[in-house]
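Welcome, and please open the structure in your viewer.

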Amino acid sequence: MDTMLSAKSAKKTTPGLDRSRQSELLAAIDIGSNSARLEIGTITKGRYKRVDYLKEMVRLGGGLDSHGMLTEEAMQRGLACLARFAQRLKGFEPWQVRAVATQTLREARNRDAFLQRANRVLGHPIEVIAGREEARLIYQGVARLQPSELPRLVIDIGGRSTEMILGQGRTALTKESFSVGSVSLSLQHFPQGRFTADAFRSAQIAAGAELEEALTLFDRSAWQEALGSSGTVGAVSQILVANGITDGSITPDSLRWCIERCIEAGSADMLNLPGLKAERKAVLGGGLSILYTLAMHFDIEALRPAKGALRQGVIFDLEERHEAARNHRALDPRDASVRELQQRFRVDKLHGERIRARALSLWQSLADPSAATDGEHTRELGWASALHEIGMMVSHHDHHRHSAYLLGHVDAAGFSQSQQRRLAALVLGQRGELIKLAEHMHDTALMSQVLCLRLAIILHHARIDLSAETASLQRGRNKVHLKLNKRWANQNPRTLHLLDEECRRWSAQGNRQLSLMLT
C-alpha cells in the first residue's frame with residue numbers, strides 16, 4: 001500500500017488538490033475521547049495515499065462530569081475543532097465525508113444536544129459508533145495498510161475505551177471493546193498528574209478487572225503477532241525509540257522502565273523524557289497502566305505500532321459503500337449484517353423480500369426530490385423492510401416494539417448507533433397508531449419511509465405475492481394518494497378495510513393526509 005504517514009504531514013496542512021481531482025478524495029473524521037482527527041486520502045486501484053491529516057487534542061473524555069454530562073467547556077473545545085475541520089472540507093460533497101464518534105459520545109447523556117450543534121458546525125452528520133463497530137473499523141485500517149496472513153492481535157487504547165481484535169488477513173474474527181482508557185484511568189488514579197507506585201498498582205488492578213473477561217477470547221495460542229494502533233501505543237513507542245530503550249517495540253521490560261521514570265519524576269509536570277509530547281503527559285499514567293496490564297495478562301512479549309487506525313478504516317469502509325452503489329454485484333458492508341441478523345433471528349426471508357420490494361416500489365413512486373431520490377434513505381428502507389419482523393423471535397405480541405429494541409441495540413457491523421436508531425424508529429412505526437413517532441414528525445424523509453413500509457405490510461398482510469401494478473403512490477399538495485387497481489380492491493375487501501383505517505391514522509396525526517384512489 002502506498003501511504004504518506006510521516007510525522008511532518010501530521011503536523012501541518014498540505015495544500016488542497018487541483019479542483020479537477022477533488023472528486024477523488026475521501027475524508028474521515030474520528031472524534032475520540034482524547035483527540036479529534038481528520039484524514040483525507042485517495043484510493044486508486046486498491047492503493048491508499050494520504051493527502052492530508054489534521055489532529056487536535058480536544059479532550060472530550062476529560063469533559064464528562066460526575067453525572068455523565070459533557071461540560072460546556074468540553075463541548076466548545078470540540079466545536080472549535082470541528083469548525084476548523086469544516087474549513088478544510090469546503091467543496092467536499094456529502095458522499096465524500098464520514099464522521100464518527102466513539103466512547104465519550106457513547107457515554108454522554110447529553111450527546112444528542114452536542115451532536116445537533118456539532119452537525120451544524122461541521123456541515124456533515126456525525127455518527128456515534130458502537131464499540132465492536134469501532135473495533136471492526138480499526139482492524140480494517142490496520143489490515144489494509146499493514147497486510148499479513150498471520151493470525152494477529154490488534155489493540156487500540158483510546159481515551160475512554162480499549163478495543164481488542166483477533167483477525168487474519170482482512171477478516172476480523174473476534175472484536176471487543178472495554179470501557180477503560182488512558183483518559184478515564186488517569187483521571188481516576190493519577191489526580192493532578194501525581195505519579196506514585198501505589199497509583200500505578202491501583203490503576204493496573206482496575207484495568208485488569210475490566211479486561212479480565214477477555215482472557216479466554218484473546219488467548220495467546222490464537223495469535224502470532226501483536227500490533228498496537230493509534231495514540232497511546234504510538235506515544236509510548238516514540239519515547240522508547242528516543243531514549244534508546246527499544247526499536248519502538250513495547251515490551252514488559254520497557255514498560256517497567258517507563259513507569260519507573262514516572263515514579264521518579266513524581267508528577268506529569270516534572271516528567272521530561274525525550275520523545276514525550278507535552279499534550280501526552282496528562283494521560284501517560286493511564287496509558288502505561290493499561291499497556292502493562294495487557295502485556296502481563298495476555299503474554300504479549302512485544303507490541304509493535306501499527307500503520308493503520310480507525311480513521312483509515314472509516315475511509316476504506318466508505319469506499320466499499322461507494323463501490324456497492326456503483327456496482328450492484330459488490331456488497332455494501334451493511335448488507336452482510338442484515339443477512340446475518342435475518343439468519344440469527346430466523347426471519348421469514350421470503351416475506352421480508354416481498355415487503356422490501358413493495359416498500360421500495362412505493363418509495364420510488366413518491367418522486368420526492370428531497371427524500372425518494374436519496375440513496376441512503378432508499379437503502380435504509382430496504383434494510384428496515386428486510387428486518388421488520390426480527391422481534392417475532394421474542395414474541396408475536398407487539399413484535400414491532402421488540403424489533404425496534406433489537407435494531408436499536410444489537411451489534412451490527414457497518415452500522416452506526418445513529419443509523420440503527422433510525423432503523424429502530426422505522427420498524428417501530430410499521431403498525432399501530434402514529435403518536436409513538438411524535439418526535440420524528442418533523443423528519444419528512446423518515447415519515448415517508450414509514451408510510452411506504454406500513455402500506456407494504458398492509459398490502460401483503462396475507463403474506464402472498466401481488467403484481468407490481470396493484471398499487472402506487474402519487475404525491476399531491478399536503479396529501480399522498482394511494483392508487484389501487486379497482487378490480488383488485490373489489491376482490492380484497494379486508495385489505496381495503498385496513499387501508500381505510502390507515503388513512504384515518506394519517507389524518508389523525510395532522511402532518512400528512514393519505515387518500516385512496518381506485519383506478
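Where is the place of N110? Select N110 and you will find it in the loop between α3 (103-107) and α4 (111-122). Keep in mind as you look around that this is a predicted model.

Is N110 buried or exposed? N110 has a relative accessible area of 12%, and because buried means under 20%, N110 counts as buried. Now show the residues around N110: leaving out those up to four places away in sequence, N110 touches G68, M69, L70 and M75.

**Zoom out to the whole protein**

Colour the model by secondary structure, and you will be looking at 19 helices and 13 strands. For 519 residues, a compact globule would have a radius of gyration near 24 Å, and the protein's 26 Å agrees with that.

The accessible surface comes to about 22,800 Å², and carbon and sulfur atoms hold 50% of it. Of the 519 residues, 55% count as buried.

If you colour by charge, you can pick out 69 positive and 58 negative charges, whose mean positions are 5 Å apart. Contacts are worth a look too: among those with a separation of 6 or more, 69% are between residues 24 or more positions apart.

**Into the cores**

Which residues touch the most other members of the largest nonpolar core? Select L455, L473, L482, L484 and L514, which hold that place in a core of 53 residues. Then highlight helix α17 (residues 444-459), which gives the most to this core, with 11 residues.

Stay with L514 for a moment. Not counting residues up to four places away in sequence, L514 touches L451, L455, V480, L482, E502, C503 and W506.

There is also a second, separate core of 42 residues; select I155, F178, L288 and I300, which it includes.

**Last stop: A295**

Select helix α10 (residues 281-297) and find A295 in it. A295 has a relative accessible area of 8%, so it is buried. Which residues is A295 in contact with, leaving aside neighbours within four places in sequence? Show P252, L255 and I300 to see them; I300 is also one of the residues of the second core.

Finally, draw a C-alpha to C-alpha distance from A295 to D253: the two are 42 residues apart in sequence and 10.0 Å apart in space.

Methods. Residues are numbered from 1 along each chain as its sequence is written. This is a predicted model: local features need pLDDT of at least 70, side-chain atom pairs count only at pLDDT 80 or more; totals for chains, interfaces and linings use all residues. Side-chain values use heavy atoms; hydrogens and water are left out. Helices (H or I, at least four residues) and strands (E, at least two) are DSSP runs, numbered from the N terminus. The radius of gyration is taken over C-alpha atoms; the globule rule is 2.2 Å times the number of residues to the power 0.38. Buried means under 20% relative accessible area, exposed over 50%, partly exposed in between (1.4 Å probe, protein chains only). Contact means heavy atoms within 4.5 Å. Accessible areas come from the Shrake-Rupley method with a 1.4 Å probe; for residues, only the protein chains shown count as cover. Lys and Arg count as positive and Asp and Glu as negative; His and the chain ends are not counted. The place of a charge is taken as NZ of Lys, CZ of Arg, CG of Asp or CD of Glu. A nonpolar core is a set of buried Ala, Val, Leu, Ile, Met, Phe, Trp, Tyr and Cys residues joined through side-chain atoms within 4.5 Å.
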